[in-house]
Amino acid sequence: MALCAKKRPPEEERRARANDREYNERFQYASNCIKTSKYNILTFLPVNLFEQFQEVANTYFLFLLILQLIPQISSLSWFTTIVPLVLVLTITAVKDATDDYFRHKSDNQVNNRQSQVLINGILQQEQWMNVCVGDIIKLENNQFVAADLLLLSSSEPHGLCYIETAELDGETNMKVRQAIPVTSELGDISKLAKFDGEVICEPPNNKLDKFSGTLYWKENKFPLSNQNMLLRGCVLRNTEWCFGLVIFAGPDTKLMQNSGRTKFKRTSIDRLMNTLVLWIFGFLVCMGVILAIGNAIWEHEVGTRFQVYLPWDEAVDSAFFSGFLSFWSYIIILNTVVPISLYVSVEVIRLGHSYFINWDKKMFCMKKRTPAEARTTTLNEELGQVEYIFSDKTGTLTQNIMVFNKCSINGRSYGLKSERHPKGPGSPGDMGVELELPWGESWSVDGDGEQWRPEPVNFSFNPLADKKFLFWDPTLLEAVKMGDPHTHEFFRLLSLCHTVMSEEKNEGELYYKAQSPDEGALVTAARNFGFVFRSRTPKTITVHEMGTAITYQLLAILDFNNIRKRMSVIVRNPEGKIRLYCKGADTILLDRLHHSTQELLNTTTDHLNEYAGEGLRTLVLAYKDLDEEYYEEWAERRLQASLAQDSREDRLASIYEEVESDMMVWDAERVKGGQGGVVPGLLSQGPLWYFQLLGATAIEDKLQQGVPETIALLTLANIKIWVLTGDKQETAVNIGYSCKMLTDDMTEVFIVAGHTVLEVREELRKAREKMMDSSRSVGNGFTYQEKLSSSKLTSVLEAVAGEYALVINGHSLAHALEADMELEFLETACACKAVICCRVTPLQKAQVVELVKKYKKAVTLAIGDGANDVSMIKTAHIGVGISGQEGIQAVLASDYSFSQFKFLQRLLLVHGRWSYLRMCKFLCYFFYKNFAFTMVHFWFGFFCGFSAQTVYDQYFITLYNIVYTSLPVLAMGVFDQDVPEQRSMEYPKLYEPGQLNLLFNKREFFICIAQGIYTSVLMFFIPYGVFAEATRDDGTQLADYQSFAVTVATSLVIVVSVQIGLDTGYWTAINHFFIWGSLAVYFAILFAMHSNGLFDMFPNQFRFVGILQGAVGI
């Protein structure tokens, strides 16, 4: 990406002083002008040509053109090469110019946007491109943020403002940002004009969710974080105005830092073509050497006899030098074995395949109004060769629409007890299931899915309840109404420990905006059970608890991230007590509890396992009271850590770790004889120094429609599916059974859960031993021996009989991915039909994909919907993004995108298989027709004294690949089918030839070449045999050079046209028009070029008049 400013040395830190352009200009920071275009009017031609000649093929043909300009070696006119070359360069240049024009248009539109900038104490209208680092900008509601700003003040209380970040991360939920208290009062222009604070912060980077800096003002230091920043690309919402200080401008903004180039991916056919082109070039050189040697011998033995009337050129002084020149002449003549039109045709075909994907109405989601999109045109045929699919679970296999389903409070489980999703083999599948209600009732669900549900819980007592929320266990509401302190504290935690924003459009109509569906579901559940989150400020949270408004002082938020896997808030209640509420993953929280008693812990753990076995997402809830003195000391250390310039995040993580540690399951039964947990009286006593376990939540994330059928179909196509998820093992396994990745018919499901290297190695070894006991043979019509011979990792496990699955935890996977064990893990996993990796990090997802790419010669596809899937998507051969609930980061990083997982079957089995089939047939025919065309020159060399005389006239050579034979092969490459799309879906085994690379490989290439050479032999020697001794009626020789040339050329065009007709499996009107139209065009041009009219106009170029009639028998 080109930028307005010249390249500067990398920054170590950024310094920006408010209202002081002179000071900031010393650092030569980039202006706010952006330039994504590559060319201007003066540079377009030289730069574009330079870029195009970076392609080896273009440089090769330019080299041939230069050779043709040398009279001593060229027997062809220069236009035979320059016409195709200029055509290709022109098409590419027009495409590049069009793309760059739109980039220029977009740049001008953005750079010329207006912004209000405070200059010399006055707000002035300035174009975005003129905004500088250190300027203070005023934004108004619904305006785009012009640069990366430090929020100084706003129209909202406490310096709050609301933004939408859709252009940054695709999330449409509003987010809150807050000015630091010391600047939040600077809402007056005069005060802002006097503001001279200096910000020292991190250098420009692409981390959207992190910012570390310090504001120095009035001899004080104030920590800055991402919560104080407004990033370019955001939109100000529900805020009348705000002021911000420009920290990063133009190319230094995080938006522009994230717009780098995506890694270019090449298909296996591309790589094979590169190899074959090198082979063809070697073959071309060999033919040139043979004919050059023949020329030298002929000139030495025969040519010397004709020196009187066939003298050598002045520069030629020996037969050897004549052979040397002849070599280059034949390189020019025979270069059409690799014509430049091949590369253009490939790109046109791929573009057509991409449009078919974009236009496919069966991959259009009516609910979201989202079509499928091919975001690249270079990988279509590789969609027909996929062997491994790596899929995220949440939002990809499931809907990522969360529903509060169950909970465990103080050792008691609430919600429906269902046997619908058992967590191991023996699941009832489509059979009837029985649901048991906690209050003693039950009802059945038959195999047809007919259900008789009880009445949902009535929340009419709560005027602020969400009417869409449904819960089926009335005993939980009874516990709330009876004032059970454990239940109240449970829902109080849910109403306080979150980052949800509340909006009240009308009186009593609350609308929650959550950054994750999980949070929204939990806060909504608390709302319906009487703990209604109403509003928040930077320092307070207001909750209506059973109809009473209570405002808590918010002292600290300990954010959730993928490393901590928990979130905490520290609040002060109206009585002045300080309490820390925490919710997080069971693996994190339960391990931190101080086990003063095991009873409640064991009961809650059993409930967690039960919920996970039903496919529910679980969180553990706990809290503890903090001493005032301890909190003050901890808060001071937290402030110092937040002011640190280096390792700020590590220091804060350590501070958070301290206050969230030493948790304890309080033995209330021993204190007051209660039943587990904490009895009512204890909640009102003094501060508790250990965390108390409240219970757990269970949220249902339903499967997307069509997921089981899609996975079953892809499995029949011999595609192995690996699920890489951050969920716990029981949840992932249950989803595996629900979506038919795991089935009761499987021979065995191996669980790898070792905590040490030795344990993991032993579990993998035992799994391999069990599989080794089975037979090596594999049916399905193909043998795996073909795959093994071409793989770096050869293993008899690839051919085991039976179906196996592997489930491995994140901590075990960390050991399995180590260098000394990765091959053992891969060998075991690849022998399994399905693999599920649980509790994995985004980095581990990418490592698993990279491992398969490294050792297996197989095409991999990664599919996901969230930012945590981006690394996996970029690593795989093909990346697919689901446009779901988690923004569009995955879509932006992907090669293909659509809205539902079920569309993957159509993308692969229909579009992918057809693209692979069409490209293979196109390449086979293309090489065939060009060898048939070119090898005629080779045979003719033995009959023309190796003089580099061409068989065809120059116009035929020029037009053969760009007019006579180009459109029919394009039509076949774009439209051909072997079976209709319905059959492709009904018989997924049709997909396997692509995986085994059967339709175009080195063997198929040599068959095509052999067929082309055989055709050239017939095209040359049959007319030669007919013309050699033939005479006219008057006894004169029938044969002449031009008659022979026209005969061979006409025969060739007819034969290759008939051949493509035989190769075409699906005839359309376009195929008919192109094939027969090309023949008609050939004869029209043939008659025109041999007409008397052209001879009269251009006697030097069209010398053979009247030959056509004799040649074609008219």
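**Exercise 1.** Find which strands helix 16 lies across.

Solution. Helix 16 covers residues 628-643. Helix 16 lies across strand 9 and strand 10, and runs at about 80° to strand 10. Axes are lines fitted to C-alpha atoms, for helices over the stretch in contact (heavy atoms within 4.5 Å), and angles run from 0 to 180 degrees between N-to-C directions. Helices (H or I, at least four residues) and strands (E, at least two) are DSSP runs, numbered from the N terminus.

The model is predicted: local features need pLDDT of at least 70, side-chain atom pairs count only at pLDDT 80 or more, and totals for chains, interfaces and linings use all residues. Residues are numbered from 1 along each chain as its sequence is written, and side-chain values use heavy atoms, with hydrogens and water left out.

**Exercise 2.** Work out the strand order of the open sheet with 4 strands, and state which strands stand at its edges.

Solution. The order is 1-8-9-10, with antiparallel pairing; two strands pair if DSSP finds at least two bridges between them. Strand 1 (14-17) and strand 10 (220-224) each have a single partner strand, so one side of each lacks a neighbour in the sheet. Inside the order, strand 8 (residues 198-201) is joined to strand 9 (residues 213-217) by 4 bridges. C201 stands opposite G213 there.

**Exercise 3.** Decide whether H815 is buried or exposed, and list what H815 touches.

Solution. H815 lies in helix 23 (residues 810-816). Buried means under 20% relative accessible area, exposed over 50%, partly exposed in between (1.4 Å probe, protein chains only). H815 has 17% relative accessibility, so H815 counts as buried. Leaving aside residues up to four places away in sequence, H815 touches H755, T756, V757, V760 and M821.
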